[in-house]
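Please read them with the structure open.

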Amino acid sequence: MDDATRVEVAASLLEAYRTRQPIEPLVEKYAGLELDDAYAIQQHQVQAWLGEGRVIQGHKVGLTSGAMQRQMGVDQPDYGVLRDDMFYPEDAPVPAGIFLAPRIEPEIAFVLSRDLTGPGVTVAEAAAAVDFVLPALEIIDSRIRDWKITILDTIADNASSGGVMLGSTPTRLSDVDLRLAGCNLYGNGALVATGAGGAVLGSPLLSLAWLANTVGRHGVTLRAGHVVLPGSVTPAQPVRPGDTWTAQFAGIGSVTARFGQETA
Amino acid sequence: MAAHEAGHLLDPGATVGPIDLRTAYAVQAEGLALRLAAGERLVGWKIGYTSAAMRAQMRVDAPNFGPLTDRMLLAGGEPVSTALTQPRVEPEILLILGDDLPGGSDRDRVAHAVGEARGALEVVDSVWRDYRFRLEDNTADGSSAAHAVIGPLLPAGVDLAEVGVTLIGPDGERSEATGAAAFGHPLDALGWLADALAAQGSRLRAGDIVLTGGLTAAVPLPSGARIRADFAGAGEVSVRREAAVPPSRTPADTAETGT
């Protein structure tokens, strides 16, 4: 795929954000789309956002569960960026109408105390770079119609990211076993799904190391103070306007997202 | 019972037909009576279909229960009975009662009746071919109970709904859940059982062992395989199944085939 085409695809995705009208799956229209093209398309959108004054505040890792990887027919995760305007405060309703087809995922967010530059980052170095973890809810969304995505579609679409809600009680890594940290996800008060940190590549720290090493190969460093969402501990759940979602993590605390009533 | 002992599988439509739940529990009681007559001892109960994941997998819409006898108990690492035909394994929270627990008890009373909580595996083995059954068929079959594998003690004071568990299958495939997958809370599953037994004129007694319900979908246990679960703050428990037919090949055989 030539760069002009990559720019064209990036523009169509940015247009989908603006109009809230999804576009057709990219792999149907662009037969030659490959992994490098998909990340380049993502990067063109990142450049556009930076040009609008947005700031990158971290990264998200996706496709980290065995079930998701089997569903997508892949054996590795993917990643996208977290912009400053994707972070929503826990105490105010999230405007539901700004998303196209939102879903929610409970995650154990890392906040870094120092830069992490791959490749070559070990789990030990990844752990040493973590300042603390926070309970988090990630809103995922797709600019591709009806979530009909392959791994290439979702990478091009910033790893299907939408928004982030962070809880406000930090926990040190030494105070929690991330692999077995249980999570109960409640939608409007009812238990909807349960999971544990190990659902994320076996351990969320492996996801952090994978991210540092993968972006490192493109010259990108994970920055001190940045947030990393390592992947969902339960299957994603569809969100409707007016919903309230709470993720309760053993030993890490809880985080709640309320969605406004307005529709797009 | 004869089918279980002989390792046969049955089809509900060809045997019991469309029985109701009351009849199903009566059939279950007859099965238990046969076990007791054979010298087994009733040691507690298992609750089935307390998680949405299990109900979805088995397409049933309500929990049920079945008896556990002393012969069904295994320590971690032991092999399952060679009589099992299509065993599957689920991680569960196992409660051992410190006090009798009547029906109609509130959550506090239920909590106080619990002597200890452990991580555990349940081995189920349905007499119904390919696990194709209705809730009633499964109830008649003792809720498929085959073994309770007693694992590590959970830390005192832990919220059982938040206990994380990872089940690691024979091929390394993992699934994660928490205690909340059992009825929202294992104590609520226990309370449901106390009420259900009371409705049948029975009750839970001090010393009873209760498996509170599978937390993940059940994973098949093939011959020669092992399945383990890791419980937060407690540790692992595993169960294995011996190879179906031990290899009888001698060194001479190997030489003869030239491999």
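**Notes on the pocket, the interface and the backbone**

1. The second largest pocket has a volume of about 750 Å³. Bear in mind for this and every later point that the model is predicted. The lining of this pocket is made up of 31 residues. Those nearest the centre of the pocket are Met1(B), His4(B), Glu5(B), Arg35(B) and Asp141(B).

2. Three elements of chain B each give two or more residues to that lining: helix H1 (2-6), helix H2 (21-37) and strand E6 (145-153). H2(B) provides the largest share, with seven residues. By class, the lining of the second largest pocket holds 17 nonpolar residues, seven polar ones and seven charged ones.

3. Turning to the interface, 17 residues of chain A and 16 residues of chain B take part in the contact. Between them the two chains bury about 1,100 Å², and carbon and sulfur atoms account for 53% of that area. On the chain B side, 43% of the area buried against chain A comes from Glu162(B), Glu176(B) and Thr178(B), which is more than any other three residues supply.

4. How many salt bridges are there between chain B and chain A? The count is two. One salt bridge joins the side chains of Glu173(B) and Arg70(A), at 3.9 Å from N to O. For a salt bridge the cut-off is 4 Å, so please look at this pair in the structure. Five residue pairs are in polar contact across the interface of chain B and chain A, with both residues of each pair at pLDDT 80 or more.

5. Which strands of chain B each supply at least two residues of the side that touches chain A? They are strand E7 (164-168), strand E8 (174-178) and strand E11 (226-231). E8(B) gives the most, with four residues. Sorted by class, this side of chain B has seven nonpolar, five charged and four polar residues.

6. Most peptide bonds are trans, and most residues other than glycine have a negative phi. The bond between Gly118(A) and Pro119(A) is cis, with omega about 0 degrees. Pro119(A) sits in the loop that runs between strand E4 (103-112) and helix H5 (123-128) of chain A.

7. The other feature is at Asn188(A), a residue other than glycine with a positive phi, near 50 degrees. Asn188(A) belongs to the loop between strand E7 (182-187) and strand E8 (190-196) of chain A.

Methods: Residues are numbered from 1 along each chain as its sequence is written. Chains are lettered from A and ligands numbered from 1 in the order in which they are written. This is a predicted model: local features need pLDDT of at least 70, side-chain atom pairs count only at pLDDT 80 or more; totals for chains, interfaces and linings use all residues. Side-chain values use heavy atoms; hydrogens and water are left out. Contact means heavy atoms within 4.5 Å. Buried area is the accessible area (1.4 Å probe) that two parts lose on being put together, summed over both. A polar contact is a pair of N or O atoms within 3.5 Å; within protein, one must be able to donate a hydrogen and the other to accept it, and residues adjacent in sequence count only if both atoms are side-chain atoms. Ala, Val, Leu, Ile, Met, Phe, Trp, Tyr, Cys and Pro count as nonpolar, Asp, Glu, Lys and Arg as charged, and the others, Gly among them, as polar. On a 1 Å grid over the protein atoms alone, a cavity is a set of points where a 1.4 Å probe fits but cannot get out, and a pocket is an open set with protein on both sides within 12 Å along at least five of seven lines; lining residues have an atom within 4 Å of a point. Grid points are joined across faces, edges and corners, and a volume is the space filled by probe spheres set on the points.
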